[in-house]
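This report looks at how the chains of one model meet. Two interfaces are described in turn.

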Amino acid sequence: MIPNEIEITPELVAEHGLKPDEYQRILDLIGRTPTLTELGIFSAMWNEHCSYKSSKKWLRTLPTKGPRVLQGPGENAGVVDIGDGEAVVFKMESHNHPSYIEPYQGAATGVGGILRDVFTMGARPIAAMNALRFGAPTHERTRHIVSGVVAGIGGYGNSFGVPTVGGEVNFDPSYNGNCLVNAFAAGLADTDKIFLSEAKGVGMPIVYLGSKTGRDGIHGATMASAEFDDDSEEKRPTVQIGDPFGEKLLLEACLELMATGAVIAIQDMGAAGLTCSAVEMGAKGNLGVELDLDKVPCREEGMTAYEMMLSESQERMLMVLHPEKQAEAEAVFRKWDLDFAVVGKTTDDLRFRIFRHGELMGDLPIKELGDEAPEYDRPWVETKPPAPLDPESVPAPNDLGAVLLKLLGSPDMCSRRWVWEQYDHLVQGNTVVRPGSDAAVVRVKDSNKGLAFSLDVTPRYCTADPVQGGKQAVAECWRNITASGAEPLAVTDNLNFGNPEKPEIMGQFVGCIKGIGEACEALAFPVVSGNVSLYNETNGQAIMPTPAIGGVGLIPDLGKTATTAFKGEGEAIYVIGE
Amino acid sequence: MKARIIVTLKNGVLDPQGKAIEHALGQLGFGGIGDVRQGKYFEVTLSEQDPAKARAQLEDACKKLFANTVIENYAIELDV
Amino acid sequence: MKARIIVTLKNGVLDPQGKAIEHALGQLGFGGIGDVRQGKYFEVTLSEQDPAKARAQLEDACKKLFANTVIENYAIELDV
Amino acid sequence: MKSAVIVYPGINRERDLARALELVTGTAPYMVWHDDAEIPDVDLIAVPGGFSYGDYLRCGAIAGQARITADLKKKAAKGVRVFGVCNGFQILTEIGLLPGALLRNAHLKFVCKEVKLEVVNSRTAFTNAYAQGQIIRCPVAHHDGNYFADEGTIRKLEDEHRVVFRYAQGTNPNGSINDIAGIINEKGNVLGMMPHPENLVEPLHGGLDGRGIFESLLETVA
Ligand SMILES: Nc1ncnc2c1ncn2[C@@H]1O[C@H](COP(=O)(O)OP(=O)(O)O)[C@@H](O)[C@H]1O
């Protein structure tokens, strides 16, 4: 058992990833020393991943509005109108570090997380993509990571039943110690049945759904384990295991429940599950939240409040329900054999209160947990563009055929069939253009409309010139979508960079965002969702700046879909553009 | 020399397979069988004749290949 | 009462997983470990206290669920 | 033609199969829940693909124990036509309606691609719309499609012309014995196959080769 009244030492604060001035901020905010559970909650809410403290300032500069945008950044996923009362819901998210530690499960749970983001909004997932970056093919860990990641993405998506229709794979030594696994998912919903995370109404039941809570991924694992428990190493696996079957049940149950009109608000439990989801739902709705952790379905005995608040167990959701529909809602979840438990209620006092065994384990101001999170304007330096290459300095190859073969055979250019043949890209029966084209095309069910999807970025361009590289990524995505015959609608982004505390890295980040923003503005291609992954560094070696862009386009008439294959002999070939 | 290797999930690691099996047992009327945890089992033959060396070899192979020590434990049984 | 169930492929049934592991062992320099056969391992807890009855229950559960007797054999170990 | 599609939890191609049935027969199938007691009176019971119960333990093993499966066995014994695709095929072997078992693919990876199938027996109720020996295109998407049975069973299947589909030369995606892709039971009313004909039934899919199965059934019933 982890005692709640443990002394909060500077070491403990540091192990929670909080800087001394951030801890001071906590003390000022609550006017006393936090309990251990409260410290854990702050560490979860104020880490880079949840608070976006280094990136927020810059993300605000991105264009996020457009005539078709129904929901921009700030929810589980972005929502874009595609006419006829329907919307496409999509987002991309990274699972880089977990995939490096345990490639199969890390990638699998990454897919699971992004699918949940989409169906939490009320959308049935219809397509998935993934952007993967690995170390040099000759590096000793690369083969292991590649095969695990690809199998994990397939293992989860294939079982869940979403077609994985596109993505990217690159190799570069800068990813030797930090692979990138960015998962994209898109779903379809009716525009009048989009579900958001904002809680409404005082005294409403807060319901826990899905799988049970275990000690997965509790990041305090390193936290002075000897002090608490001798076998804590064994007790706290930091790796989350995916259960695609559980998630498939959760999808069906959620969509069935949403159709009953019982749901007021819903939020997926992602990183720092219970903490982030409960705080977000309350804070957005200007409501307090009270949780009784004794009601939370647990997989293991003797879990403490601290562990439950920080658990990253997968396939879980939090919902605010209309009280009169509670029985009906519970029946739906029982039918799908999932856990359903009322674990708390909304209050009118804007406090976040947690009880365990009848004891108050934490009592924090709910708005401040999010709003008062530190925000940094980190120093940055502009990336110096490299001196232009003198074409004369590169000798012309004398055997162009050999060069062509070498290009085609290179790890970055060769066919990706070995990857996408491990993904079920046909399930649901709507795949019109399969992987291997510019953009994949999926039919909007029961209609003659289609959606085009493409995922793009060229990290070496971003390394050379972040602004131009950012623009290029957007432009390439736009071209791929256009080339399939679709009208580009909007994008999601996944910004992967090194340590933002280094001004050169921050400069890459700022540059790429500027480039992405300018290109999206110019093309009327708004950013409706996204994710930032920083600190992708090992031993001081940062990854190449890798802002992956996931774009979605609309084909009003599938009969006008364009494909890459040449269609007949003797036809003229044109080059368009400069 | 023959040996058996048993690989099990560490405590606290989610075991969706075990959960599903438990559920099916219930439906089949085997409600009295519970706490199902699924693991892997391997039989191997070693050319090494010395038990101590054989065990050392297997330990090494378990760490590198048979078990994913991030989430799994392993046990070795040598036929001596 | 605790018990372990070990399910193995029958002789003559192809074991692609075992073969793949054998291959990987060779590549890792464990050429001396061969004849790999992969099986499944289960740990269960029984509410039945009588060993004979517990075993009978498990036999039944193995035939109906744990093993596919077209391709697999099973063995039961009771903790008594 | 009336049909029913059984929905086990974790199945994910039930909508694909239902759509194919509706497209060809003009009637939407009943969707039957795994926990129901009975399958309605129909001409065809279809068991779709996916990952029933996560494919945990063994593919199809837990579905074999579901409540509805008892009625499935009963109706099959009475001669109702049963068509299992992919996970459905695995389930049918698990419950003994078809012989043999489906092992992990020989290369151990999930495989999703188009293969060529030879219609080895076009005299069944499921294949009479095809010509004997016809080669058709068909997608596969599975992790455990490696058909195995002991020698005696294989010989019997071959002798009795109960191998209905074979992966055409060079396209065996999983290591199945004798390139077996689909088999039928002795009475000829239960067919199981690994490939997914339901994913090649409309122009949008890039071909219509999968329709033959549904057309055969329609023809036979009518
Ligand atoms: N690079 C970005 N561009 C635009 N929006 C972003 C970006 N990164 C994050 N967001 C938005 O910020 C919100 C919080 O993101 P995140 O923490 O990744 O969501 P989750 O709660 O699913 O983990 C989301 O709505 C997301 O769309």
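Contact here means heavy atoms within 4.5 Å. By that rule, 29 residues of chain A are in contact with 27 residues of chain D. This is a predicted model, in which local features need pLDDT of at least 70 and side-chain atom pairs count only at pLDDT 80 or more, while totals for chains, interfaces and linings use all residues. Residues are numbered from 1 along each chain as its sequence is written, chains are lettered from A and ligands numbered from 1 in the order in which they are written, and side-chain values use heavy atoms, with hydrogens and water left out.

**Chains A and D**

The size of an interface is often given as the accessible area lost when the parts come together. Buried area is that loss, taken with a 1.4 Å probe and summed over both parts. Chain A and chain D bury about 2,200 Å² between them, 54% of it on carbon and sulfur atoms. Three residues, A:Phe245, A:Glu421 and A:Arg443, supply 24% of the area that chain A buries against chain D.

Charge pairing occurs here. A salt bridge is a side-chain nitrogen of Lys or Arg within 4 Å of a carboxyl oxygen of Asp or Glu. The rule finds 5 salt bridges across the interface of chain A and chain D. One of them joins D:Glu202 to A:Arg443, with the closest N and O atoms 2.9 Å apart.

Which elements of chain A supply at least two residues each to the side that touches chain D? They are helix H8 (142-160), helix H11 (244-259) and strand E14 (431-433). Helices (H or I, at least four residues) and strands (E, at least two) are DSSP runs, numbered from the N terminus. H11(A) gives the most, with 5 residues.

**Chains B and C**

Among the 5 pairs of chains that touch, chains B and C have the most contacts. Each chain brings 30 residues to the contact. B:Phe30, B:Ile33 and B:Tyr41 supply 21% of the area that chain B buries against chain C, more than any other three residues.

The table sets the two interfaces side by side.

On chain B, strand E1 (2-9), helix H1 (16-27), strand E2 (33-46) and helix H2 (51-66) give two or more residues to the side that touches chain C. E2(B) gives the most, with 14 residues.

E2(B) and strand E2 (residues 33-46) of chain C pair in the antiparallel sense over 11 bridges. Two strands pair if DSSP finds at least two bridges between them. B:Gly39 has C:Tyr41 as its bridge partner in E2(C).

**Chain B and a gap**

Chain B has 2 helices and 3 strands, following the pattern β-α-β-α-β along the sequence. Its C-alpha atoms fill a box of roughly 50 × 25 × 15 Å, taken along the principal axes.

No contact joins chain A and chain C. Their closest C-alpha atoms lie 12 Å apart.

Key. Buried area = accessible area lost by both parts, 1.4 Å probe.
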